[in-house]
Amino acid sequence: MSEEDFQHGGDRFPLTRRSVIEAVRSIDEEERDRALEALCAAYWKPVYKYVRWRWNRPADVAQDLTQGFFMGLLERELLEKFDAKKSRLRTYLRVCVDSFVSNEDKAGRRHKRGGNVLHVALDFVSAEEELGATVMDPALIPSPESLEEFFEKEWVRSLFALAVEDLRELCVARERERTFHLFAAYDLEGGEKISYQQLSKEYGISVTDVTNALAWARREFRRIALERLRELCGSEEEWLGREMKFLSDKALERLRDGAETPDLAGTRYRLLERVARGGMGVVYTAEDGKLQRRVALKVLDVPGTDGDLANRLIREARVLAALEHPGIVPVHDVGTLADGRVFYTMKFVEGNRLDKYIESVASFPDRLRIFLRICDAVAFAHARGVLHRDLKPANIMVGPFGEVLVMDWGLAKILGAEVSSGAREADPEATVFEKPKPANIAGDATEISVVTGHGTVMGTPGYMSPEQARGDVEHLDARSDIYALGALLRFLLIGQPEMAPVPGGRRLDKSLAAICAKSTAAAPAERYPSVQEMALDVSRYLDGLAVGARRESAFEKAGRFYRRYSVAILLIAAYLFMRIILLLVSRR
Amino acid sequence: MNKILLGVILGAVLGVFDGLTALFTPDPAIRAGIVGIIVGSTGKGLAAGLICGLFARKVRSMAGGIALGLFLGFLFALFVALGVHNYYVRIIIPGSIVGLIVGYATQK
């Protein structure tokens, strides 16, 4: 980084992923101090509590160490060594704290520090109170995961506390103190949740006013928290992603839920409950006020309609709208919420994901019939020029009446159309991951690596065709989905998408194995040319006929004929046998 | 194929075949009356096939179809055997099995 990068700090830090880190390295002393102050404000409590918990230090020693650590951040240029590609900042800081405390112990030179560098008052008394209220299991201390979890949780608590304080100041500035009180009563209280009606009575306002006030407060809280997070070198993924999922504290959960909850004011929908998180956003159930029906509402994580994710969500809605088929979930509406997030609504499907549903289906023929219905939907999409590109059990829903619906068309490719090149958001189940560097290919297939060269790899390992895994997006066609269908068929039959045998696992019939092998051939030219042909082979197998994927011997043909008509053959044989016996008896 | 038609055709074919097997008996009296045997055997096959076909159109049950076919085959063969006062085993057992096959086929 050149010095010019840091000379025009201005009043605010740039909203980049590493803004505070960069500002701390700035040659502008004022900016550097502000950055350190921001860093310290967010991290001093987690560091202090961590020293108290992990290193079991008395309060006064922990206070010294905490102040010394933040001073050392500058003196030892620890932040210069931070590499965002290798770890998150909070993980790096936690490791630095360990190293710092350990070194201090070895040197035996703890002495009072502080004063010049730290510009924020460190309220160690409140930190001690919080520490006393935190449930900590000493037995977990040796576990590296528990250390990470503890520091993570305290960091989020610290960040939220700062954001809540900012929100309070904002409410005071806008003369909306009552809104803050409502927010505090509803979202910050750790006890039993109070209802909107109770708040309405308590504050002497209508339920609608309570709803509006809380929606505004959550929207502002979310904005403030996101701003702080961006400033602190974090990212929206960290704010919204699974890193925070293990938080158990009720108030933190409510804050997070409240901040995430979409503001449906101005739409015809009323939010009911959260259903799932997908690659791009969260799916809720909502009630359509006009049509009085329940719908599924998929809303993007991040505000704005001009980003790549927003484009992808809108594109997904349009793809779904173009595919009217009983096996494809219909889309009802698309739009932008008051908080700037893009959403679309679709049919609410009550049912199970295929991987869960299949556990209750023991018979092979029933599983194959489900598979044929999936093929039907995919073949229809192909006929409309749409590739799914992410077919896997988690993206198939089976309804209460056995209806099969292919979901999540977020990665769909419209044949003949340009494909979005920047879609790089990661799915919690590694649905989307970036192209591995050559050195990493032999390693963990789900590892997220930095994109190099052309093409972003999208799909799910195990279900993704080789050409898709190579990022060869331009040459993908229906045979890429056929590969995924082959893996899906194998999953339905033996419980895994790959061919590798599982000890004690089911043995696959030769014809079915041949269908799977043909559809998952490495070369697209060796696969079925269309989904219909693959489905036809599966249907032929179900009917006891020969499949096109495999040439049978005469013996196998006879065996198949016998299996198909075994009862009739046995009956006729019994009749003839009985006739012969009777004739022999009558001739005596 | 229409289940009633299938039952009738199969019953008739198996009935004819069942009647023709009488040609292999050593008793010349039986061979002399082969036409009557074939007609009678075909008639009971037709009747069993018709009833089994009607049943299959109303009820989807393999076990039920087989049981009904077996019962009808036995019943009709018993009537024939009682008519001739002889050859009970040689008439009733094949007749019952023909009924069973027709019952199975109409359900299949």
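Helices (H or I, at least four residues) and strands (E, at least two) are taken here as DSSP runs, numbered from the N terminus. By that count, chain B of this predicted model has 5 helices and 0 strands, and its elements simply run α-α-α-α-α from the N terminus on. Chain A, in turn, comes to 20 helices and 10 strands.

A word on bookkeeping: residues are numbered from 1 along each chain as its sequence is written, and chains are lettered from A in the order in which they are written. Local features need pLDDT of at least 70, side-chain atom pairs count only at pLDDT 80 or more, totals for chains, interfaces and linings use all residues, and side-chain values use heavy atoms, with hydrogens and water left out.

Buried residues (under 20% relative accessible area, 1.4 Å probe, protein chains only) make up 49% of the 588 residues in chain A and 42% of the 108 in chain B. Turning to surfaces (Shrake-Rupley method, 1.4 Å probe), chain A exposes about 28,500 Å², with 52% belonging to carbon and sulfur atoms. For chain B the figure is about 5,400 Å², and carbon and sulfur atoms supply 78% of that.

Next come the nonpolar cores, meaning sets of buried Ala, Val, Leu, Ile, Met, Phe, Trp, Tyr and Cys residues joined through side-chain atoms within 4.5 Å. The largest has 63 residues, and L354(A), I374(A), W409(A), L485(A) and L489(A) have the most contacts inside it. Helix 14 (residues 364-383) of chain A gives this core its largest share, 11 residues. Setting aside neighbours within four places in sequence, I374(A) is in contact (heavy atoms within 4.5 Å) with L354(A), I396(A), V404(A), V406(A), L485(A) and L488(A). There is also a second, separate core of 61 residues, with A42(A), W44(A), L199(A) and L214(A) among them.

As for the interface, 12 residues of chain A are in contact with 15 residues of chain B. The buried area (accessible area, 1.4 Å probe, that two parts lose on being put together, summed over both) is about 1,300 Å² between the chains, and carbon and sulfur atoms give 76% of it. On the chain A side, L571(A), Y575(A) and R579(A) supply 40% of the area that this chain buries against chain B, more than any other three residues. R579(A) also turns up in a salt bridge (side-chain nitrogen of Lys or Arg within 4 Å of a carboxyl oxygen of Asp or Glu): its side chain meets that of D18(B) at 2.5 Å, N to O.

Conventions. Buried < 20%, exposed > 50% of the residue type's maximum accessible area, 1.4 Å probe, protein only.
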